[in-house]
Structure formats: structure tokens, C-alpha cells
Amino acid sequence: MSAENLLAFIILFPSLCTAIAYFLGNKDEKIRNIFLIFVTLINFVAVLCLFKYIKTDTVEISVPYIMGSGLHLKLNSFRYIFVFITSFVWFIITVYSSQYLINYIHRNRYYLFFMITYVSTIGIFISENLLNLFTFFEIMSFASYPLIIHDEDEKAHSAGRTYIIMATAGGLVLLMGIFILFSYTNTLDINELSDILPYLGNIKYVISSLFIIGFGVKAGMVPLHIWLPKAHPAAPTPASAILSGILVKTGIFGIILTVVFMMKCDIYLSIFLVIVGFLNMFTGGFLAIFQNNIKKNLAYSSMSQMGYLLLGIGCIGLLKDHQAIAVYGTLFHVFNHAIFKVMLFMGIGIIYMVTHKLDINDIQGFGRFKPVLKLTFFIGFCAIIGMPGFNGFASKTMIHHALTEAGHLNHSNLAIIGDILFYVCGAFTTAYLFKLYTAIFVENNSRYYASYKKDINSRALFPMVASAILIVIFGLKPNWFLYQFEGINEIFNLHNTGVFDINFYSFSNIVSALITIGLGILIYVFFINKKLITIVDNKKVYVNPSINWFNLEQDLYKPILIILFKISTVVLHVVDNIILTFYNFIYTLIKYISNIEFIEFSSLINSINNNKKETNESKFDYSTLEKNIENRTEFIKTTVKEDLKDARYKMNSITYSIFLLGAVLVFILLAVIIFK
Amino acid sequence: MFDFILILPILIPFITGLLILLIKPNVKKTEKYIMFTVIVNFIITAYTSFIYKGLSFHILKFNNLLDIYLAPDTLGSIFAMLVSVLWIFTTFYSFDYMSHEHNLNRFYAFFIMTLGITLGIAFSGNLITLYIFYEMLTLCTFPLVIHSDTEEALKCGRKYLLYSFIGAAFVLFGIIIFFSQTGNLDFTAGGIVKLFNNSNKNYFLMSYIFFFIGFGVKAALVPFHSWLPSAMVAPTPVSSLLHAVAVVKSGVFSLTRMTYYIFGWKIIEQTGGNDYMLVFVLLTILMGSFLALHQQNLKKRLAYSTISQLGYIMLGLVVFSENAFIGGMLHMLFHAMIKITLFFCVGAIMHYYHKTEISEIEGIGKSMPKTMICFTIASISLIGIPPANGFVSKWYLAIGGLELGAYFVPIILLLSALLTAGYLIPVITTAFFKGPPSSEVDIKEPGNLMLMPIIVLTCISVITGFFPNLLISVLQKASSVLF
């Protein structure tokens, strides 16, 4: 197969198979599971086959007329990292799901949206046209919604609501950016945009900030992150794993496209990203320390890791001619984070599968005598905290180097603060995961002595072991990864030619990693152990004081939205009823007028005539009339209303309306004659 | 030579309608007549739209003012095709939906006559013809609105009549002023105003505003919209027609004719009338989608949604750029397809499950998955998420607005899209993700006569979303003579 066909294959094949799988699933679920495992595996192999084409070259397809602006797909080594990690993670998660979901209902629906999310995620990473990218982005947002609310309980719906509002709003902000961008540049190809956008004047900042907000919602950027810690615990674990491992990366991918490619590393945006990156690292890490729900803990951890990536992107912009280390560091971390975070999620998924509990207090000591689980989880733990010998160490070291260099380059005093913050955030990572690890795997709990081999089979453990092996390989030989992606040099316009080389296991790197970890353990010993753990009945109980803290969603966004909603409701209800109110006013007025009693003219005449007859006088006699008026009872009194009553009965609605038409015409004519 | 053919699509439904009223056949026969008429009408309309283009026909001509004249151009043909295609779907749908109703002969007679009148609006070649058909449309749809004959229906019917006639009075007045200035009412691309100077500027401004408000009543321009939610008492096929095809779209179509074929946008821009109207239109968009959030009744929710979506279309008529015009017209077509699908789905729920409120439909997606999937796709189109078709029209509208530097246009559009998501996604969520698990629910889909129109219309929406270029090129041809 040629490269173009392969590229089309990796997106068409799974979409076709999604439909087939749905119908298969209605017949037989077992066959569907095996089928989907093979589909994701074949796709993964296809992605692997693509590697030899993209190593130095770019593969592109464009199909005109689809969706108006045409479909333009492109794959190069930068995009390949994302596509590769997506197809790999999806493969292992599909294997894992087939075991995990056994006790769930609506499995077929789950797999349908799981696969749609897969296709659209690959779509995002390979689309070159912004509109295509946006399309896939929106499909992904909407397809992952059913995954989050899969349990259909109140908690899931509440999380889903937050997610869908944020996702839709984020998508629309992004769309606003695309609108403005297109009206200024008349093109949507990312490649062409990079020649136009940086020279646009101040509007480019409007456009790019809209883009960053839109993508930032997905990337869990502070303060747009509120959906993340809610959605993760609510979703089934495989869904949380892909949310955390892959979907947040689409936001990062978008931000890289915006800042690095379209805006050519604009300096202000880079500074902004460095700040937001630190904010994310700090907030995410800090809040993760307090969490007792293990999925929430990992969700905040994802936020903090996204901070590293944002920081890396910011450094790309700040480093100007020496970008290489930041570029490689960021991309490598994208890759690493996906693997270890997915693995950690799978680990706690296994715990949940057995215990159906997520609170750290309930599952204390679960893993003490479960060696495979314990070992794999330990590997993931070491990877995420950046222990030398595991992959997280390599990428974090690179980002750290990039940060230090950026500080040197700009001769800024802030560099020291940045450096300290980097250590602190790294320490947080160690602290919150150490808490998790000790609670689950070190504590002793007689409740969980039993073996759960019958509940956990190899299909759940295989994916974990596979990713653990990858973690160790890339941890020991990080350069091997970097050698594969020389093409990036050209794509990012890097100045160094040839293979980028770095000595990871230098003394200083290892020392700084160990300092970070040591700091983290200090935090654990002196803060978590003292403040967050109380002893009740000889048992450790973890407490979470942060529950009562200021909550961005409950205490800020919601009140603002509710106030806006109430004001708009009142105002728009008035608008809605303005004509009716006006009509009612006129109606009441007329009713009031028409109810004023007056003497009917004919009865007046009659009474006079009667008087005439009675008195037999030819002369009109006022005195009798006055007398009659005094005893008014003799007159027939009437109102306009009663007069109109007959007419009203005679007229049905149609004539009534035509009558009104005439009346309105006369009214308008009069008005015009008067005012003209 | 063949010009008289133009009168057939208008005449045939009339004859069928009168026949049904006079000879009162039984229901099976009535259905056959209706089916026959609708299909013949579709064929003739397609003929005049695609094969014998550029026909024109004077039915009656007293003088320059009273001249009943048919001459469909591209825009008219598009509208006529839309009407006749959607009418076929509605016809089949109503065979099933109306099967338990009373007084079917009256219903079908007026139902088919409305088709003729709507086509009359599409074909009319001057404003006076359009006005006559426009008035007749009100009269003809009235029996459909009050079909249930209840007290409430009569009350709402009266409201509908009142609003429509008062609107028509405004239009008539606009015609009088306009005719006094130009002496001509024929539709000409780019407008027929020859003399425009400071002395008659105010006349044109006044007549424009009268026209806009007058036609705007049918197009549910806020604050003249409140007949539309009330008219929901009608049976669902009628509401879907009122909303998606016949009435509101006639209002919008007349506005298009008035803006681009009578005045011409340059004149309106000089009078500045569109700036005033823009306020109303933006209010329409926002109010419609916001108040839809408050409605618990499904049909009412869709009614308010229609108000806001009509605002999108009218936006294309007050923002004078070619892209905005194309966007508005595209949205007229797309909204028709989407809204009719949504109404059909809601009607199916009402007919088979007797449920009308959102809180009642928990888990209904599990018992009628096909219908609700179509509902979902249509909702996504309405929100304007790519690759569904609603996105395409929104794109053109927004770009058209931005071309003129009007940033509020896309902002309002997107705000409304967010609100649209706000009132439609809960419906979908309630239908699919609440209630008992699907293993405990029996699947009971609507009958084929109901389901097929829903599915086919959804497919059309999806296809036009993926490949909108054909429609766009047709509309570009239509708009190239206007700008």
C-alpha cells in the first residue's frame, strides 16, 4: 500500500468497522470484542507501517468538496507521535475494556462511542485544514459525552453536564476564532496560515487567544479545568484512561499548532503559556495531594502534567534558536504521560473492578499481596515522579533544561523562581502519588487478603504489563526514542542538524531528580502524614479538608451563570410578552370605558314621548323630564359593551379579523397624515 | 407556449381540495387523491424548476397595480422545490399521524390547498400577487390550526388570525406607500427603485419598516411572534408545516423578495432601515433560544427554537453581504429539513407514547432508538456542529457578518448556538441516558409511514452537510445578480 492509501486507511478502516461492530454487538458480544481488538490492532500495525514514510517525509491527502472546504489530511513526524500514541493506547484499552466492562450494561453503546472517539481523535491529529480539525474536535467532544455519563446515575449526569457545557462553549469559542481567522486570511490550511497570521497586527492576538481558550478547555488549562476532576471519577475507568491519556492531548496538540506553527512562537503567547503552565502544575499538584478519591487524585495529576506540557510549549517560544530541547522534551512528555497515566488508570480500574470503591479509605491495603499489580503500579509511579531509569525522568529533565536555558537566555531573575517552582511541583507529584501508593500497596488490611485471580484475567493485566515494559525501555534508552524523530528538526525549523543528543544520565540530572523526589517524600512525611491522616480505632483515616474550600465551579461560575440567567429571563420574558401586555392594557382600558353606564338615547326619546302621551300636552314639559331623570329607573341603561355584544355574536373570527385589518389600516393612515 | 403550466401547481391542489370538500369521499380515497396530487405537483414543480426555466404567466391584468403575475426565478424555484418535497414527506407522515383524528376531509382539503397557495407565493412575479397569496395562506391554514375544535384551539386560532391580519395590514400599507413612489411592483433583481433622493427617502424608509414588520409577523419577528408558540395546539403535521415550510418560510421568503427584489439592498442601506431592523432580528435570535430553555413541553420548546432560527435567516436579510445572503438562504433550506424532522420525531412520541413533556420521556430513546437517533442528528445540525448541515449556513452567515466588520453577528450566532445546545442536549440525554436500562425496555418504533420520512429527511440533512457545494453554487448564481 502506498503511503497515501495507508493514511486514508487508518481513518476509514476503523470508522467502517465501528458500524460493523455495532451490528455484531447486537448479535454476539464476544465476537464483537474480539473483532474490535483486531481492528485496533490492525490499525496500530498500519500506523507502524506508516512510520517508514514519515521518518523524513510528509504524507498528504486532499479531497475537494467535502464539507465545502475540502478534506486535507497530513501526517509528518510531529503528528505521528500523537497518532502513534493514540493507536497504541486505544489498542491496549480495547483489550482492557473487554475484561473491565463485563459487569456493565449498555456495552454496545459504550463501544460505539468509544470507537467514534477513536476515529475522531486520529482525525484531529492528522487534519491539516482547520475546519476539518474543528469538525473532528467537535465529534470527539460529543462522542466522549456518552462515555462519561455511561453509568446514568446522578453523579455521572452532573459531571456530564459540566463537561458538555464546557466542551460546547469551548468549541464555540474556537469556532469564533476560526471565523475571524478566515475572514482575515481567507485560508484554513495551517501551513499557509503560518505565512499570514504572524503579520496580521493585533487581531492575531484575538484569534490566537480564542484558539488557546478553545483548546485549553480540553487540555484542562486553569481556570477552564473544572470538568476534568468531575468527569474522571464518573466515567468507567477505560474512558477515564483515554480522557486523561489522549483526549486532553488534543488540546495540547491544538495549542502547539496555534502557538508554535500558526503564530511562529510569538513571545507574548509563550510567556503566557509558561505562566499558565506553572499555574496548572501548581494547582493540579497541590489539589491532588488532598484527594481521597483515587480517580480524582489522578485527574488533578493529569492537570499538573498538562502544566508541564504547556510550560514546554512556552519554552519553545522563549528559546528562539535553541528550541530543540524544548520541542523534544514536550513531545516526549506527551508520549510518556499518555503511557504512564493510562497505566495508572488501568491499575486503579482493576481495584475498582474487584472492590467497586474509589475512596482511598475503603481500599487501604488492597494491593499489598498482589505482586503483578503492585509491580506495574510501582513502575507507573516511578515514571510519573521522574525517577531515573523510567521514561518520565527523561522528558521532565528535558523540560527542566529548557526552562533553565530560557531563564539564562532572557537573563531574567524570574528564572530562579521558575526553577524553584519546578522543583516544588515535582515534589507535589511525588507526594500525592506516594500517598496513593502507600495507602493501597503498603498498608495492611485483612479485608483484602483473598486472591482475586478469578476476577482479574490476563486481558486486564496484559495491557498494564505491555505499558510497563514500554516505560522501562524508554526510560533506559530515551535517546532511542529521539533518534526516531529526526524529521521534527525540519518541521519545527530547528537549527541543529542531525540527531539531537543529550546525556540524560549525567550526575546533575540524577541529582536534581532525586532532590525533587526527596522533597516530595518530605512533604508526605511532614504534611500528609501529619495533617491529612488521623487515626481512628487503630486505623488510618485519610481526610480531605479541601472539600470545603473555595470551589471554582460551585462558588464562582455557577452563581455568575445563575445571576445572568435570571436577569436574562426577566428581561426576555418582558420582551416575549410586550405585545400581549400592551394588548391587555388597551383591552382593560376599552373595557373600562365600555362599562361606563349611560342612558340609551332611544329610551330617552321614548320617555319623552310617553310623557307627551300621558300629559296630552303639546308643549314640551321639562319638569316631567327632570322628574323622570330623577327616578332613573325608568330609563333603559346600557353600555357600549352590550351594544357591541350583538355585533360580536354575529361576527365570527374571520370577519372580525378583516374588520381589524381595516381598522388598523385606517389607524395607520391617520397617523401618517398627522405626522407627515 | 408552455407558460400556462405555471398555474397548474397552484390550481391542481385547489381543485383536489374543493373536490374533497364537495364529494366527501371516505378516508382511503381522500388519501389516494392527496397522494396523487402531491406527487403530480412535485413533478410539475420540478419541471418548471429544472427544465422549462424562465417561464412567466399573467393570470389577470387590470392595471399596473392589480396584475396577477407568475414568474419563478432561481430563488422562487428553490423555495417551490423545498415546499413540494417537504410536502410529500408531511403527507405520508400525516396519513399515519392523523389516522385517529376526526373530520379528516376538512383537514386534508385545507392541507392540500395550502400547498397550492405556498407554491403561489413561491411563483409570484410581483408583490401584489405575493400579497394576495400571502393573505390566502392565513385563511387556508386557519382551519388546520383549529383542527381539534377545542376551546383552546379556537382561542389560539383567533390569535393567529389577528396577528396575521394585522401584519398583512402593515404590508398593504407598505405596498401603498411604495407604489405611490415607483408605480411598479414587479420583482427585479437589485430592486425597482429608480428615483431615490432626499425628498422621498423617508417614504422608502417608512415603507421598508412597514414591510419588514408586516412580513415579520409571519416570520415570527420578536415582538410579533407570540402567535407561533400558541399555534402549537394544531396537530403535529400542521405545526411542522407551519414551522418548517409553509407559513414562517413564506414570511421569510417574502422578506427576501421585498429586500432584494423590490427595494434592492443599496436603497435600504441608504435609508438605514436595516439598522433598526437588525435590533429586532438579534433580539429574535437571543430571545427565541433563551426562552426555549424554559419550555418543558417539547413542542413549545421547538416553537421557541424556530423563532430563534428564523432570526438567523432574517440576519441574512439585514446584513448586506453576499455570504450572509447565501448563509440566510441556506439556513432557510436546512432549517426546514431539520425542524420538520424534529417535529416529526416529537409527533411520533406524542402519537405512540402520548408524552409531551421532557420529564416524561426518560429513556424513550431506548424504546424508539431509530426515531431518537434521527432526533439527535437533527439536533446536532440545529446547534450547528460540523459536519452537519446547520454548520454550513452558520459559517456563511458569520463570515458574511465579519466581512462588514460586524463582530456581533458571529458572537450572537455562537451564543445562540450555545443556548441551542442547552435546550436540545438535555432532551437527548433524557431520552437516551435516563430511565430503565435498555434490556428492560421493549422496542416499539413508529410505523413505516412515520419512520421513513424521518429517516429520509435525516439522511438528506447529513448528505447536504457533507456536500453542500451543489446548493451553494446554485445560491451563488442566484445571489450574483443581486450583489
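Student: Which residues in H16(B) meet residues in H18(B)?
Tutor: This is a predicted model, in which local features need pLDDT of at least 70 and side-chain atom pairs count only at pLDDT 80 or more, whereas totals for chains, interfaces and linings use all residues. Residues are numbered from 1 along each chain as its sequence is written, while chains are lettered from A and ligands numbered from 1 in the order in which they are written. On the H18(B) side, the partners are B:Ala417, B:Thr420, B:Ala421, B:Leu424, B:Ile428, B:Ala431 and B:Phe432, and two residues are in contact if their C-beta atoms, placed from the backbone, lie within 7 Å. The residues that meet them from H16(B) are B:Met372, B:Thr376, B:Ser379, B:Leu382 and B:Ile383.

Student: Is H16(B) roughly parallel or roughly antiparallel to H18(B)?
Tutor: Helix H16 of chain B covers residues 369-383, where helices (H or I, at least four residues) and strands (E, at least two) are DSSP runs numbered from the N terminus. The axes of H16(B) and H18(B) come within 9 Å and cross at roughly 170 degrees, the axes being lines fitted to C-alpha atoms, for helices over the stretch in contact, with angles from 0 to 180 degrees between N-to-C directions. Angles under 35 degrees count as roughly parallel, over 145 as roughly antiparallel, 65 to 115 as roughly perpendicular and the rest as oblique, so H16(B) and H18(B) are roughly antiparallel.

Student: How do the residues of the contact of H16(B) with H18(B) divide into nonpolar, polar and charged?
Tutor: The crossing of H16(B) and H18(B) is left-handed, meaning that the near helix is turned anticlockwise from the far one by less than a right angle (right-handed if clockwise). For the classes, Ala, Val, Leu, Ile, Met, Phe, Trp, Tyr, Cys and Pro count as nonpolar, Asp, Glu, Lys and Arg as charged, and the others, Gly among them, as polar. By that division, the contact of H16(B) with H18(B) has 9 nonpolar, 3 polar and no charged.

Student: Are H12(B) and H18(B) roughly parallel or roughly antiparallel to each other?
Tutor: H12(B) passes H18(B) in a left-handed crossing, and the contact includes B:Leu282 and B:Phe290 of H12(B) together with B:Leu419 and B:Tyr423 of H18(B). The two axes come within 8 Å and cross at roughly 20 degrees. H12(B) and H18(B) are therefore roughly parallel.

Student: At what angle do H16(A) and H20(A) pack?
Tutor: In chain A, helix H16 takes residues 414-442 and helix H20 takes residues 507-532, with their axes 7 Å apart. The two helices are oblique to each other, and their crossing is right-handed. Their packing angle is about 55 degrees.

Student: Which helix gives the most to the side of chain B that touches chain A?
Tutor: The contact takes 39 residues from chain A and 42 residues from chain B. On the chain B side, H6 (151-182), H12 (273-292), H17 (389-403), H18 (408-433) and H20 (469-480) each supply at least two residues. With 10 residues, the helix that gives the most is H6(B).

Student: What radius of gyration does chain A have?
Tutor: The radius of gyration is taken over C-alpha atoms, and the globule rule is 2.2 Å times the number of residues to the power 0.38. The C-alpha atoms of chain A, which has 26 helices and 6 strands, fill a box of roughly 135 × 65 × 60 Å along the principal axes. A compact globule of 676 residues would have a radius near 26 Å, but that of chain A is 36 Å.

Student: What radius of gyration does chain B have?
Tutor: Chain B contains 20 helices and 2 strands, and its C-alpha atoms fill a box of roughly 75 × 55 × 45 Å, taken along the principal axes. A compact globule with 483 residues would have a radius near 23 Å, which agrees with the value for chain B, 21 Å.

Student: Is B:Leu130 buried or exposed?
Tutor: B:Leu130 has its place in helix H5 (residues 127-145) of chain B, and beyond four places in sequence it touches B:Ile121, B:Ser124, B:Ser254 and B:Arg257. A residue is buried if 20 or more other C-beta atoms, placed from the backbone, lie within 10 Å of its own, exposed if 12 or fewer, and partly exposed in between. Because 29 other C-beta atoms lie within 10 Å, B:Leu130 is buried.
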